[in-house]
Amino acid sequence: MSATSGELRIVNPANEQTIATMPPAGLEEADEAIARAAAAGPAWRAVSPGDRARLLRRFAEAVDGAIEELAALEVANAGHTIANARWEAGNVRDVLAYYAGAPERHSGRQIPVTGGVDLTFYEPLGVVGIIVPWNFPMPIASWGLGPALAAGNTVVLKPAELTPLTAVRLAELALEAGIPEGVFEVVVGPGSVVGWRLVTHPAVRKVCFTGSTSVGKAIMAGCAEQVKRVTLELGGKSANVVFADADLERAAATAPYAAFDNAGQDCCARSRILVEESVYERFMELLESAVKNVVVGAPTDPSSEMGPLISADQRDVVAGYVDGSTVAFRGNAPEGPGFWYPPTVLAPVGRDETAWREEIFGPVVAVVPFEDEADAIQLANDTEYGLSGSLWTRDIGRALRVSRALETGALSVNSHSSVRYWTPFGGFKQSGLGRELGPDALHGFSELKNVFISTEG
Ligand code: NAP
Ligand code: MG
């Protein structure tokens, strides 16, 4: 993307070809979209729960019918492998279908009181602003959209300028499914203008932001001005902790995919591998062959396991981190046009080294040995982040002890499970605020109201 001559140029990161141009929206278009969403609010919240559920199911079905089309857009726009892009479009369908079950079940309570009846109600917030990054444009959009609409809110979505195409198509599919005009608006424009307007506009009652920690902090501070609700999903530097008693072969065979999926542009990437000293050498041998076997290639090829980075800028950032560090070994990457970067393993790495501490957001993983369980926990927690993580051990007591000790929001034992829409997702510490997905997501899109009705007189 570049803003020269006023047009947004949408680029295929696998070959650097321009695939679309579009005029960027500015403040005026943002205000108009917010006004449409605000105007659509009263009618949308008045739609009966059963009808709102039916419309969301239809929206899910429309997405299901467009899986190949949406996946192809993401392959071309974000360089995601076709296998991943199909999963992502399917995830949107599943998130919408899951939250389509919510409107009729979003019940308040009746709480015992004397002299009357006490009832609680979940009220919609109003307009919800969703700001989405370029790394997973479709799923992240749907994680806000599904529960927000189910709870009776209307939505203004701002995709990243680099990757707006699937968001634009999702808004069309919503209309085709019968979701009324104004209920789901998409505005494609710069974050500092359109995204920031969602923070400052008083009609927007909540901002869901996913992206960098620095912008997230500014959004939180901006929202404080109106005590605006905010959910933040920010960066990560998650640990993959491998104990000596683990199934080393499986731990090593899966570690590359936990770090290099989506070319490492994943806030959940397990980009720090911690290995118990006694098995460090053996683990590194196994890891080397696994990394060399990662298939990096054309995103359109179904056998590709990793595609390019999103942009030349991102590649420069990633290369900058690697330049100051020691490369143990690398995988392959295609030559020629496209923002390619090979899977890269850094070792030995100091515990204070930048590449060990900062989120790189590329296919780079660093490996550090640890002494014992206490050292592993200390090392894993020695970060400002706390989003995901994995641990590998056959000792169930240790698995539970370490799971409880790690300061992180989404952990997997003997696996690198990806996000499941029906389980909660979100970060500890500077990885975020609030939780998305799971059975309680609607609480983040509702105000809880308490009403006392006197039965006296
Ligand atoms: P970013 O600047 O935080 O962008 C994320 C989203 O916020 C985009 O839609 C962006 O719009 C928008 N935005 C930017 N500035 C804004 C502002 N002042 N007010 C409101 N919205 C704003 O992230 P990035 O520049 O794309 O990536 C930078 C780094 O962030 C990456 O290298 C990575 O480390 C991290 N990152 C993390 C995640 C994650 O999932 N946690 C995702 C992406 C990036 P525009 O881009 O259209 O301007
Ligand atoms: Mg940015």
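Reader: How do the residues of the shell around ligand 1 divide into nonpolar, polar and charged?

Author: This is a predicted model. In it, the shell around ligand 1 has 14 nonpolar, ten polar and four charged residues.

Reader: Which residues come nearest to ligand 1?

Author: Val 132, Trp 134, Glu 161, Ser 212 and Leu 234, out of 28 residues around ligand 1.

Reader: What about polar side-chain atoms, which ones lie by an oxygen atom of ligand 1?

Author: Trp 134 has a polar side-chain atom 2.6 Å from a ligand oxygen. For Lys 158 the distance from such an atom to an oxygen of ligand 1 is 2.9 Å, and for Gln 314 it is 3.3 Å.

Reader: How much of ligand 1 does the protein bury?

Author: The protein buries 81% of the 860 Å² that ligand 1 exposes when taken alone.

Reader: And what is the space taken by ligand 1, a pocket or a cavity?

Author: A pocket, and the largest one. The elements giving two or more residues to the shell there are α7 (191-200), β8 (204-210) and α8 (213-224).

Reader: Which of them gives the largest share of the shell?

Author: Helix α7, with four residues.

Reader: How does one find where empty space is left?

Author: By rolling a probe the size of a water molecule over the atoms.

Reader: Fine. What lines the largest cavity?

Author: The lining has 18 residues, and those nearest the centre of the cavity are Ala 239, Arg 272, Ala 380, Ser 388 and Thr 408. Strand β15 gives the most, with three residues.

Reader: How many of the lining residues there are nonpolar, polar and charged?

Author: Six are nonpolar, eight are polar and four are charged.

Reader: And the second largest cavity, which residues line it?

Author: Its lining includes Gly 236 and Lys 237, then Gly 264, Asp 266, Ala 269 and Ser 271. Also in the lining are Glu 359, Ile 360, Phe 361, Gly 362 and Val 364.

Reader: How do those divide by class, nonpolar, polar and charged?

Author: Into four nonpolar, four polar and three charged residues.

Conventions. Residues numbered from 1 in each chain as written. Chains lettered and ligands numbered in written order. Predicted model: local features only at pLDDT ≥ 70, side-chain atom pairs only at ≥ 80, totals over all residues. Heavy atoms only, no water. 1 Å grid on protein atoms, 1.4 Å probe; cavity = no way out; pocket = protein on both sides within 12 Å on 5 of 7 lines; lining within 4 Å. Nonpolar A, V, L, I, M, F, W, Y, C, P; charged D, E, K, R; others polar. Near = heavy atom within 4 Å. Polar contact = N/O pair within 3.5 Å; in protein donor to acceptor, adjacent residues only side chain to side chain. Areas by Shrake-Rupley, 256 points an atom, 1.4 Å probe, with all protein chains shown as cover. Sits in = over half its atoms within 2 Å of the grid points.
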